[in-house]
Every structure is written in C-alpha cells, then in structure tokens.
Amino acid sequence: MTLPADAHAAAVACGGGVSTGRVAVNGCISAQRGSVGEFPTREITAYVKARNTATKGTNVSYEAFFRVVDGGHWEKVGSGRAYVGAGESIGPVEVGSTTRVCGPVRVEIRVHARADGAAWSGWSPAATKQCQT
C-alpha cells in the first residue's frame with residue numbers, strides 16, 4: 001500500500017509490537033493537514049501492520065481506537081479483517097480515520113488484533129502532536 005505523498009501528507013509513525021498467536025502487530029498513526037472553513041484540522045488516520053511468523057497463513061481481525069491524550073475517552077474509528085500468508089507481512093493498512101479541529105494536544109490511537117484461533121493481542125499505541133507542521 002502506498003500512502004499519499006503530497007505537501008500536506010504526514011509520515012506514518014508506528015508504536016510498539018504486540019502479538020496474537022504467531023502474528024506480530026503494530027498500531028500506526030498519521031495526521032494530515034486540512035481545514036474546515038477557516039479552522040485548521042487534522043485527519044487522524046489509524047493503520048495496522050501485521051507479520052505472520054507461522055508456517056501457515058491465517059486471517060487476522062483488528063480494531064483501532066482514537067483519543068485526545070488530555071483526558072479524552074477512547075472512540076472506535078474502525079475495524080477490519082485480512083489474510084496474512086505464512087511468513088508474510090501486511091501494512092500499513094488503513095483501519096479508520098477521524099477529523100479534528102486543531103488543538104495544542106497530542107492524540108493517540110491504539111490497535112489490537114486477533115489471529116484465527118488465538119486471543120486478542122494487547123494494545124499497540126501510537127501518538128502524534130495533533131497540529132504539528
């Protein structure tokens with residue numbers, strides 16, 4: 001998957017890895033500049049990366065949640081399912097996004113996943129300053 005590379009695109013930053021079965025998972029985040037009228041905004045996008053170390057392919061379900069770090073509550077921004085072949089990797093795959101008016105705060109996402117027959121992984125968080133340049 002290729003990500004937009006225009007002047008307003010932000011880099012994708014990934015958090016630490018977690019695992020479900022033999023699948024390693026990372027949550028990733030980007031913040032792309034925009035505006036609504038005269039108000040500057042950021043399109044906060046959550047991604048997932050997954051790497052299957054097993055000798056068999058498996059289906060992986062995943063969910064992503066978003067919050068503003070200064071006391072906000074977690075909101076689900078998306079979920080999905082993908083097949084990850086034996087010894088293969090996928091991602092970053094977009095899970096969901098949300099648009100927010102800029103503020104002087106950090107925002108974060110968290111992603112978890114579940115390979116077929118395995119338990120849900122722990123959370124892989126990633127954060128960014130919402131209105132960085």
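Predicted model: local features only at pLDDT ≥ 70, side-chain atom pairs only at ≥ 80, totals over all residues.
Four strands make an open sheet in the order 1-2-3-6, with antiparallel pairing. Its edge strands are strand 1 (13-20) and strand 6 (89-101), and each pairs on one side only. The twist from one strand to the next averages 25°. Strands are DSSP runs of E, at least two residues, numbered from the N terminus. Two strands pair if DSSP finds at least two bridges between them.

Residues are numbered from 1 along each chain as its sequence is written, and side-chain values use heavy atoms, with hydrogens and water left out.

**Confidence**

- pLDDT is the predictor's confidence in each residue, from 0 to 100.
- The protein averages a pLDDT of 88, and 90% of the residues score at least 70.
- Confidence is highest in strand 5 (residues 75-84), at a mean of 97, and lowest in strand 8 (residues 124-129), at 89.
- Over residues 1-9, pLDDT stays under 50. The model has 14 contacts beyond four places in sequence for this stretch. Contact means heavy atoms within 4.5 Å.

- Six bridges link strand 1 and strand 2 in the antiparallel sense. Threonine 20 has valine 23, in strand 2, as its bridge partner.
- Two residues lie between strand 1 and strand 2, which form a hairpin. Glycine 21 in that turn has a positive phi of about 60°.
- Strand 2 and strand 3 pair antiparallel over 14 bridges. Serine 30 faces threonine 45 of strand 3 as its opposite.
- Strand 2 and strand 3 also form a hairpin with two residues between them. Here glycine 37 in the turn has a positive phi of about 65°.
- Most residues other than glycine have a negative phi, and most peptide bonds are trans.
- Ten antiparallel bridges connect strand 3 and strand 6. Valine 48 stands opposite valine 93 in strand 6.
- Strand 6 also holds proline 92. The peptide bond from glycine 91 to proline 92 is cis, with omega near 5°.

**The sheet 5-4-7-8**

- Four strands form this open sheet in the order 5-4-7-8, and the pairing is antiparallel. Strand 5 and strand 8 are the edge strands, each pairing on one side only. The twist averages 20° from one strand to the next.
- Strand 4 and strand 5 run antiparallel and share nine bridges. Asparagine 59 is opposite tyrosine 83 in strand 5.
- Strand 7 (residues 106-115) and strand 8 run antiparallel, joined by six bridges. Arginine 106 has lysine 129, in strand 8, as its bridge partner.

**The nonpolar core**

- A nonpolar core is a set of buried Ala, Val, Leu, Ile, Met, Phe, Trp, Tyr and Cys residues joined through side-chain atoms within 4.5 Å.
- The largest core has 24 residues, and Val25, Ile44 and Ile109 touch the most other members. Strand 2 (23-36), strand 3, strand 4 (58-68), strand 5 and strand 7 each supply at least two residues of this core. Strand 7 gives the largest share, five residues.
- Isoleucine 109 has contacts that include Ile44, Phe65, Phe66 and Trp74.

- Why does asparagine 52 count as buried? Its relative accessible area is 2%, and buried means under 20%, with exposed over 50% and partly exposed in between (1.4 Å probe, protein chains only).
- Asparagine 52 sits in strand 3 (residues 39-52). A polar atom of its side chain lies 3.0 Å from the backbone oxygen of lysine 56. The side chain of asparagine 52 also reaches the backbone oxygen of glycine 85 at 3.4 Å.
- Valine 18, in strand 1, is buried too, with a relative accessible area of 17%.
- Valine 18 and serine 121 are 103 residues apart in sequence, but 6.2 Å apart in space, C-alpha to C-alpha. Valine 18 touches several residues, including Val25, Ser121 and Trp123.

Definitions and conventions. Polar contact = N/O pair within 3.5 Å; in protein donor to acceptor, adjacent residues only side chain to side chain. Axes fitted to C-alpha atoms, helices over the stretch in contact; angles between N-to-C directions.
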